[in-house]
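Hello,

Here is the structure I promised to hand over. Please open it first, then read my notes below.

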Amino acid sequence: MASAAFEEIVEDFEFLDDWEDRYRMVIELGKAMEPLPDALKVPATRVEGCASQVWLHPQIEGDLVMFDGESDAMIVNGLIAVLRKLYNGLPPADVAAIDARAELGRLGLNDHLSAQRSNGLRAMIERLQGFARASLS
């Protein structure tokens with residue numbers, strides 16, 4: 001159910017035995033993203049429930065969900081990049097149906113994030129899946 005881009009991350013993670021190497025890879029994914037334009041860093045795009053500042057800008061392009069985002073924390077920026085790989089380019093019904101916790105569990109993320117980071121990740125997932133569900137109406 002996850003996108004092909006996410007499956008590539010899963011395959012890459014299988015070759016990384018050490019969590020610290022995986023952590024660095026997540027950070028590198030975040031560094032590779034284009035920054036979110038300042039005009040999109042507004043209260044409407046800010047995600048509440050995150051320890052750091054997080055903005056997500058989801059939209060429908062054609063019939064597919066696409067989103068950009070940014071955080072002021074490097075690891076959270078990396079988590080946004082992972083979520084982009086998981087969701088971008090999928091129809092809203094697929095985004096709403098993905099068990100993100102299970103998919104991210106394939107990367108070992110559930111076991112290595114602090115409680116605050118896990119809560120923030122959950123808030124980002126809820127925002128994106130809520131957007132996808134609303135676009136189905």
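**Salt bridges and what they join**

Arg84 is partly exposed, at 24% relative accessible area. (Buried means under 20% relative accessible area, exposed means over 50%, and partly exposed lies in between, with a 1.4 Å probe and protein chains only.) Arg84 forms a salt bridge with Asp68, and their closest N and O atoms are 3.1 Å apart. The pair links distant parts of the chain: Asp68 sits in strand β2 and Arg84 in helix α3, 16 residues apart. Asp68 also counts as partly exposed, at 31% relative accessibility.

A word on the model before going further. This is a predicted model, in which local features need pLDDT of at least 70 and side-chain atom pairs count only at pLDDT 80 or more, while totals for chains, interfaces and linings use all residues. Residues are numbered from 1 along each chain as its sequence is written, and side-chain values use heavy atoms, with hydrogens and water left out.

Two terms need their cut-offs. A salt bridge is a side-chain nitrogen of Lys or Arg within 4 Å of a carboxyl oxygen of Asp or Glu. Helices (H or I, at least four residues) and strands (E, at least two) are DSSP runs, numbered from the N terminus.

The structure holds 8 salt bridges. One of them joins the side chains of Glu7 and Arg106, at 2.6 Å from N to O. Glu7 lies in helix α1 (residues 4-14) and Arg106 in the loop between α5 and α6 (109-112), so this pair ties together parts that are 99 residues apart in sequence. Glu7 is partly exposed, at 26%. Arg106 is partly exposed too, at 38%.

Arg106 has another partner. It forms a salt bridge with Glu103, with the closest N and O atoms 2.5 Å apart. Glu103 counts as buried, at 14% relative accessibility.

**The hairpin**

Strand β1 (residues 54-61) and strand β2 (residues 64-71) run antiparallel, and 8 bridges join them. (Two strands pair if DSSP finds at least two bridges between them.) Glu61 has Leu64 in β2 as its bridge partner. The hairpin has 2 residues between its strands, and Gly62 there takes a positive phi near 70 degrees.

Gly62 lies in the loop between β1 and β2. Is this residue buried or exposed? Gly62 is exposed, with a relative accessible area of 68%. Its C-alpha atom is separated by 30 Å from that of Asp72, 10 residues apart along the chain.

**A residue in α3**

Asn77 is found in helix α3. At 15% relative accessibility, Asn77 counts as buried. Leaving aside neighbours within four places in sequence, Asn77 is in contact (heavy atoms within 4.5 Å) with Gly30, Met33, Glu70 and Ser71.

**Empty space**

Rolling a probe the size of a water molecule over the atoms shows where empty space is left. On a 1 Å grid over the protein atoms alone, a cavity is a set of points where a 1.4 Å probe fits but cannot get out. A pocket is an open set with protein on both sides within 12 Å along at least five of seven lines, and lining residues have an atom within 4 Å of a point. Grid points are joined across faces, edges and corners, and a volume is the space filled by probe spheres set on the points.

How many cavities of 30 Å³ or more does a search of the whole structure find? The search finds 1. The largest cavity has a volume of about 40 Å³. Its lining includes Cys50, Val76, Arg117 and Met124. Helices α3 (74-87) and α7 (115-136) are the elements that give two or more residues to this lining. The largest share, 5 residues, comes from α7. By class, the lining has 6 nonpolar, 3 polar and 1 charged residues. (Ala, Val, Leu, Ile, Met, Phe, Trp, Tyr, Cys and Pro count as nonpolar, Asp, Glu, Lys and Arg as charged, and the others, Gly among them, as polar.)

The largest pocket holds about 190 Å³ of space. Among its lining residues are Ile98, Asp99, Asn110, Arg122 and Gln129. Both α5 (100-105) and α7 supply at least two residues of the lining. Helix α7 gives the most, with 5 residues. The lining of the largest pocket divides into 6 nonpolar, 3 polar and 3 charged residues.

Best wishes
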